[in-house]
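Here are my notes on the model, point by point. Please read them with the structure open.

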Amino acid sequence: MAASPNPSVPVTTATSATATNTGPLVIVTILFFMWGLLTSLNDVLIPHLKAIYTLNYLQAMLVQFCFFGAYFIVSLPAGALIRRLGYQKGAVTGLLIAAVGCALFYPAARGGYGLFLFAFFVLASGITILQVAANPYVTVLGPAATASSRLTLTQAFNSLGTTVGPALGGILILAGAGSVAADQAAAVQGPYLALAAALAILAGLFALARLPRIGHAEADAATAGASGSALQYRHLVLGAVAIFLYVGGEVSIGSFLVNFLGEQQVAGMPAAQAASYVSVYWGGALIGRFIGFAVMRVVSPGKALAFNALLAIALVLAAIFGRGQAAMWAILAVGLCNSIMFPTIFSMALHGLGRHTGQGSGILCMAIVGGAIVPFAQGWLADHIGVQPSFFVPAACYGFILFFGLKYASLHRQEAITA
């Protein structure tokens, strides 16, 4: 999943706009990579924990419920915290909380599934604070004219993290786990302690970095006179639903991939081998971003979104009704379709909101909670009708995104979106 854009960033008060910001930009880019990696590692841990604790699919999806539920619960408090501490200290706080979440995996290996779920929530809470605090720095670490190129760079590294994560988890966790349940649980201890140490080091580097100051005064002045609510804009409401279903569908597919590829009628792969193919799924989004960047220079966002959603539906249905290599590669190819969806839906939903843009952005960010709910729904269906037919759930998610893209495309031709 892409890192949340932040179109409502306050005006900055950088002391030296021409100063060299290469070092701080490297640190921020590493942050994007890290939270992409940490998020996609869930796709490896879900089947791992399911096997250890003999969980059904609904119980296993509690991992994503706790992880993405943190986005919904912590987003607003994170904003308040950052207003109190500032963006730089807020990012450091987020990193340290995420480090604590990773460190909790060590006792969780002996404490049971409930402690693992708590560790996931703490980790995701830190990532949420980190995203809210760190995103603005992408736009201020250099000239405004090149802000979009810096955003492309950091988003690419976020996708690189989601691509590397499952393959790394397969090697370090799944392949290294023994046959005894206690040994399998302990396999997560070393990798997550290393991640905790890396996050703590990044927190220290971020605290010491000389970063531009980001003020709130201009943003407060811009929103103080705004009347009404962002919810009066129908396209924003539909966009929030689309974000909810997109994140839910994308995360749900990733969460079930190892089990899907383990089905005898599909590929019959062991978990460690299937984990490397999860990287192919997330890697498709990385490649698709660059393809989408070129295509969307000549194709309207609504049409591009609708096309990708329609193709995603066709691929998911092929995975549901197909067998063997055809079903396997069909579901993996959905990652390519996901590539442009999040930023396209986000920008379409915020179009024409004016002074309500900040509020609208917050609503869309909270809609990421779809990553907690949709996998839960697919888990329930998988327990009742099987893993392969349970993919009707993400297919339905893409159905709404197709509707949203077509509706936006028609409004786009009128060159305006009205409330």
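1. Start with helix H5 (residues 87-103) and helix H10 (residues 189-208). Their axes come within 8 Å and cross at roughly 165°. That angle makes H5 roughly antiparallel to H10, and the crossing is left-handed. H5 brings Gln88, Ala91, Val92, Leu95, Leu96, Ala98, Ala99, Cys102 and Ala103 to the contact. H10 answers with Tyr192, Leu193, Leu195, Ala196, Leu199, Ala200, Leu202, Ala203, Phe206 and Ala207. By class, the contact has 18 nonpolar residues, one polar and no charged.

2. A word on the whole. This is a predicted model. The protein has 19 helices and two strands. Buried residues account for 56% of its 419 residues. Take the contacts between residues at least 6 apart in sequence: 85% of them join residues at least 24 apart.

3. Next, helix H14 (residues 301-321) and helix H15 (residues 324-338). They pack at an angle of about 160°, with axes 8 Å apart. The cut-off for roughly antiparallel is over 145 degrees, and H14 and H15 are therefore roughly antiparallel to each other. Their crossing is left-handed. On the H14 side, the contact is made by Asn308, Leu311, Ala312, Leu315, Val316, Ala318 and Ala319. On the H15 side, Ala327, Ala330, Ile331, Ala333, Val334, Leu336 and Cys337 take part. The classes are 13 nonpolar, one polar and no charged.

4. Which way do H1 and H2 run relative to each other? The axes of helix H1 (residues 22-40) and helix H2 (residues 42-52) come within 5 Å and cross at roughly 25°. H1 and H2 are therefore roughly parallel to each other. The contact joins Leu38, Thr39 and Ser40 of H1 to Asn42, Asp43 and Val44 of H2. By class, the H1 and H2 contact holds two nonpolar, three polar and one charged residues.

5. Stay with H1 for its aromatic pair. Phe32 and Trp35 are three residues apart in helix H1, so about one helical turn separates them. In general, an α-helix has 3.6 residues a turn, so residues three or four places apart point the same way. The ring centres of Phe32 and Trp35 are 4.5 Å apart and the planes are at 40°, so the pair is tilted. Both Phe32 and Trp35 are buried.

6. How many aromatic pairs does a search of the whole structure find? The search gives 19. One aromatic cluster is formed by Tyr53, Phe105, Tyr113, Phe116, Phe120 and Tyr192. Tyr192 also belongs to the H10 side of the contact with H5.

7. Check the backbone at Thr54. This residue is found in the loop between H2 and helix H3 (57-60). Most residues other than glycine have a negative phi. Is Thr54 buried or exposed? At 68% relative accessibility, Thr54 counts as exposed.

8. Helix H16 (residues 341-350) is mostly covered, with eight of its ten residues buried. Those residues are Met341, Phe342, Thr344, Ile345, Phe346, Met348, Ala349 and Leu350. After H16 comes Gly352, with a positive phi near 75°.

9. What does Thr344 touch, not counting residues up to four places away in sequence? Its partners are Met296, Pro301 and Leu305. Pro301 is also within the residue range of H14.

10. Last, Ile363 in helix H17 (residues 357-366). At 22% relative accessibility, Ile363 counts as partly exposed. Leaving aside neighbours within four places in sequence, Ile363 is in contact with Ala230, Leu231, Leu236 and Ala240. The C-alpha atoms of Ile363 and Gly239 are separated by 9.7 Å, with the two residues 124 apart along the chain.

How values were computed. Residues are numbered from 1 along each chain as its sequence is written. This is a predicted model: local features need pLDDT of at least 70, side-chain atom pairs count only at pLDDT 80 or more; totals for chains, interfaces and linings use all residues. Side-chain values use heavy atoms; hydrogens and water are left out. Buried means under 20% relative accessible area, exposed over 50%, partly exposed in between (1.4 Å probe, protein chains only). Helices (H or I, at least four residues) and strands (E, at least two) are DSSP runs, numbered from the N terminus. Axes are lines fitted to C-alpha atoms, for helices over the stretch in contact, and angles run from 0 to 180 degrees between N-to-C directions. Angles under 35 degrees count as roughly parallel, over 145 as roughly antiparallel, 65 to 115 as roughly perpendicular and the rest as oblique. Contact means heavy atoms within 4.5 Å. Ala, Val, Leu, Ile, Met, Phe, Trp, Tyr, Cys and Pro count as nonpolar, Asp, Glu, Lys and Arg as charged, and the others, Gly among them, as polar. A crossing is left-handed if the near helix is turned anticlockwise from the far one by less than a right angle, and right-handed if clockwise. Rings of Phe, Tyr and Trp (its six-membered ring) pair if their centres lie within 6.5 Å; planes under 30 degrees apart count as stacked, over 60 as edge-to-face and the rest as tilted.
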